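This briefing is for a reader meeting the structure for the first time.

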Amino acid sequence: MHQPDHDLLPLLKQHFGFDSFRPLQAEIVRDALEGLDVFAVLPTGGGKSLCFQLPALARPGLTLVVSPLIALMKDQVDSLRASGIAATFLNSSLSAHEARERLSGLFNHKFSLLYISPERLLLPGFINDLQAWNVARIAVDEAHCISEWGHDFRPEYRQLAGIRALLPHTPLIALTATATSRVRQDIVTQLRLNNPRCYVASFDRPNLSYRVTGKSGAYKQTLSFIQERPGQCGIVYCQSRKTAETVAGNLVAAGIASRPYHAGLDPAIRASNQDLFLRDEIQVICATIAFGMGINKSNVRFVIHYDLPKNIEGYYQETGRAGRDSLPSECLLLFSPGDVVKQSQFIEEKTDPHDQSVAREQLQLMVHFAESSGCRRKELLAYFGETYRPENCGGCDNCLSPRETFDGTLLAQQFLSCVFRVREKSGFAVGLNHLIEILTGRDSEKIRKWDHHKLSTYGIGKEQTRSEWAAIGRELIRLGYASQNAEHYNAIELTDHGRSVLRERRQIALTKPECSSQPEIQTSPRTGEILCDEALFGKLRALRKILADERNVPAYVVFSDAALRQMARFYPTQEREFASMNGVGAAKLRDFSDRFTAEVRLFLEDHPRQIFPNELRGTLKPKTPDPSSTRSVHESAYATWHRFQNGVSVQKIATERGLAESTVFEHLVRCVQAGESIDLGKFLNPEQQQEVRSAFAKLGPERLTPVHESLGGRYDFETLKLVRAMLTSSSG
C-alpha cells in the first residue's frame with residue numbers, strides 16, 4: 001500500500017527540515033517503502049540520498065548503503081548524526097575498538113543506516129551478520145561505477161551482482177547522478193534488479209553557468225578568475241598530479257589558501273588537505289579526478305577545468321560538485337587543441353582495442369562540446385538524451401555572448417574536397433592529422449608513400465595553421481558534413497550531406513575562433529540567487545564555523561550556505577521563526593536555535609532590516625507557530641500565494657520569482673494545506689471541478705495516478721494536487 005505524501009512530510013520536516021519533496025523524491029520513497037526494486041538517476045544536488053534515508057526512518061530494519069569512498073561514508077554519516085539520525089559506517093579507517101563498538105550496536109539494532117564498501121559487503125561471514133541485523137533494504141550509491149560504459153568504472157562494483165543471490169528477497173535501490181541510456185541499462189542488468197521502477201530526473205542544473213575559453217596562459221587565467229571571487233570556495237581540476245601540485249603551490253604564493261589532492265600523495269596528507277577544504281580552512285583544492293565523488297560540500301562556488309576532461313560524463317560529474325546548495329555557481333573550462341593531442345596520446349597507450357575505441361568516441365564528443373558555438377546547456381543535456389527547449393539558457397558563454405561567424409565556404413570546400421580526393425585516389429579514408437598535412441603541404445613519409453603529394457588539394461591550405469585546420473575539420477564534423485569513425489583510427493569520411501554541399505557549392509558559415517580575452521560571464525539572476533543581508537550572512541557563517549569546529553564536522557553539516565542566506569533574508573529572532581527555515585529539523589532546532597536567533601537579535605541592535613524585491617513582509621509570516629506541524633509554511637510560499645490572490649498568473653509568478661511553474665503550484669498547495677483558500681475557477685470550470693471531485697471521492701486522495709488515469713489524463717498532476725489539497729483541508 002502506498003504511503004501518502006502527507007504522511008511522509010512530518011518525517012521530512014522533523015529529520016531534514018524541509019516542508020516538501022524535490023521532483024521524483026516522493027515517488028521513489030513510496031516505491032522503496034513498498035519493497036520494490038528502484039533505479040533512480042537524479043542530478044547532483046537533487047536529493048538522491050534522501051531517497052533511501054527517509055525510508056530507513058519510516059520503516060523498521062537496517063538500510064545498507066554501498067558507497068565507493070571512505071570520505072563519502074564519513075561525510076554522510078556526520079550529516080545524518082547532526083540531524084539526529086542513528087547512522088554508522090564500517091571501513092578500514094576505524095580502529096579495532098571503534099569497529100567492535102559499531103558491530104555491537106548493529107547486533108543490538110541501534111542503527112537505521114549502515115554505510116559500507118562493496119568489498120566489505122561480500123567478505124566471508126558478512127552476509128550472515130547482515131541476516132542477523134534485519135536488513136530491510138540495500139541502497140547502491142554511485143551506481144554508475146558498475147558499468148564499463150560509465151565514466152568511473154570500478155571493477156569491485158561488479159561483485160555486487162552476487163548480492164541478489166545471497167539476499168534474494170531484500171529490495172534494492174540503485175542511484176546515480178550521471179548515466180546515459182546505455183549505462184542505465186547496464187546498471188539494471190549488472191545489479192539484477194527485479195522489474196525495477198525507473199526514474200530519470202532532468203539533468204539540468206539551472207544554477208550552474210558554463211563557460212569554455214581558449215587556454216592562453218592557463219595559470220594566469222586561473223589566478224585572475226579566483227582573485228575576482230574573494231572568499232569563494234572552488235575546485236581546480238588538473239590532468240596530472242604534477243600540475244595539481246604546481247598550481248596549488250603557485251596559488252599559495254599568490255596569497256590564496258590552496259592545497260593539492262591526488263592519488264600519489266601520502267594518504268594522511270591527502271586526507272588532511274581534503275578535510276581542510278571541507279571545513280573551509282582553505283579556499284581552493286587543486287585536484288586530479290581522484291577528488292570529489294560524492295563529497296557533499298554544498299558551498300563550492302566554482303569549478304575550473306585546467307585541462308580538457310576525457311569525456312562528457314566526467315565533466316558533468318565534476319562540474320556538478322559546484323552549487324549543491326542550489327545557489328549560483330560557475331564552471332570554467334580552459335580549452336586548448338594541445339590538450340586534445342595529449343588525451344589522444346594517452347588513448348594510444350591503451351592495450352585493448354575496444355577500450356581505445358570507446359575512449360576515442362568519448363573524447364571526440366568532449367571536444368565537440370568544447371568547440372561548439374551552440375548553447376552549452378542544450379548540448380550537455382542532449383548527451384544524456386534530454387531535450388532542452390529554450391533557445392537561450394541565459395547561463396552559458398555562447399548564450400550570453402554568442403560567438404561571431406564568418407563565410408567559411410572556401411575553407412569548407414577545401415577540407416571536404418581533400419577528404420573526397422583521398423578516398424578517390426587511395427580507396428581508404430585517413431584521420432584529421434593526415435588531412436591537415438595534405439592541406440598544409442607537409443612533406444612526410446606517409447604523404448609520399450601514398451602519393452598524396454600528387455593530390456589537387458595538396459598545399460592549398462598553407463595560409464591556415466594546423467590548429468586552425470583542426471578546428472575547421474572538427475566543426476565540419478559537428479555540423480554533419482563529415483563523419484569520424486572512432487573504431488577505425490578516427491578516419492574521416494564525407495556524409496551524404498557533405499557530398500551534396502560539396503557538389504552544389506552551398507554557402508557554409510563557420511564560427512570564429514574563441515578568444516580567451518572575452519569579458520567575464522555575469523551570473524544570471526534567474527539561476528536562483530537568494531538576495532540577503534550580506535553583512536548578517538557573514539556573521540552567520542562565522543557562527544556556523546564555530547559550531548562546526550566544536551562538533552568536529554565540516555561547516556555545511558551544520559547548515560548550507562542556502563540556509564544561512566535564507567536566515568539572512570528573513571531575520572529569524574524567535575524559535576518559531578527559526579523553525580520555518582529550510583534545513584531546520586527537530587535536532588537542529590534543538591541544537592542551534594538559541595545560538596542563531598541570538599546572533600540575529602544582536603545584529604539587529606546595530607543594523608536595520610533590509611527589504612528585498614518580492615518580499616511583501618506583511619503577508620510572509622508563517623501562519624502556525626507550531627514548528628512540528630505540517631501546516632507550518634515558509635514565507636516564500638506565502639509570497640507566491642499573495643501574488644496569486646492578487647490576480648497574477650502562475651506563469652508570471654514563476655518568471656518574476658525565478659521559479660519553476662511546478663514550484664509555484666507546490667507553494668499554492670502548501671498554503672491551502674495551511675488553511676488558506678484559492679479560487680479553483682482559475683484552473684477548472686464548475687463541470688470540471690465536479691468531475692475531478694467525483695474521481696477523488698471514488699478512488700480516495702492517497703494516490704494521484706489512479707485519479708489521473710480514471711480521468712483519461714485530461715488534467716495535469718499539478719491541478720490534481722491543488723484539488724486534493726482543497727478536499728483534504730479545512731478550506732475545501
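Helix H5 has 12 residues (residues 96-107), which at 1.5 Å a residue should span 16 Å, and its end C-alpha atoms lie 17 Å apart, in agreement. The expected span is 1.5 Å times one less than the number of residues, and helices are DSSP runs (H or I, at least four residues) numbered from the N terminus. The model is predicted: local features need pLDDT of at least 70 and side-chain atom pairs count only at pLDDT 80 or more, while totals for chains, interfaces and linings use all residues. Residues are numbered from 1 along each chain as its sequence is written, and side-chain values use heavy atoms, with hydrogens and water left out.

- The buried residues of H5 are Ala 99, Arg 102, Gly 105 and Leu 106; buried means under 20% relative accessible area, exposed over 50%, and partly exposed in between (1.4 Å probe, protein chains only).
- Seen down the axis of H5, the buried residues fall within an arc of 125 degrees, so they line one face of the helix; the arc is that of the directions from the helix axis to the C-beta atoms.
- Ala 96, Arg 100 and Glu 101 are exposed residues on the face of H5 turned away from its buried side.
- Just after H5, His 109 has a positive phi of about 60 degrees.

**Aromatic rings**

- There are 18 aromatic pairs in the structure; rings of Phe, Tyr and Trp (its six-membered ring) pair if their centres lie within 6.5 Å, and planes under 30 degrees apart count as stacked, over 60 as edge-to-face and the rest as tilted.
- Tyr 315 and Phe 369 form a tilted pair, 5.2 Å centre to centre with 50 degrees between the planes.
- This pair links distant parts of the chain, with Tyr 315 in helix H13 (residues 312-319) and Phe 369 in helix H15 (residues 353-371), 54 residues apart.
- Tyr 315 counts as buried at 1% relative accessibility, and Phe 369 counts as buried at 2%.
- The charged end of Arg 376 sits over the ring of Phe 369, 5.7 Å from its centre; this requires NZ of Lys or CZ of Arg within 6 Å of the ring centre and within 35 degrees of the ring normal.

**Salt bridges**

- The count comes to 32 salt bridges, each being a side-chain nitrogen of Lys or Arg within 4 Å of a carboxyl oxygen of Asp or Glu.
- Arg 360 forms a salt bridge with Glu 348, the closest N and O atoms being 3.3 Å apart.
- Arg 360 is buried at 9% relative accessible area, whereas Glu 348 is partly exposed at 49%.

Methods. Helices (H or I, at least four residues) and strands (E, at least two) are DSSP runs, numbered from the N terminus.
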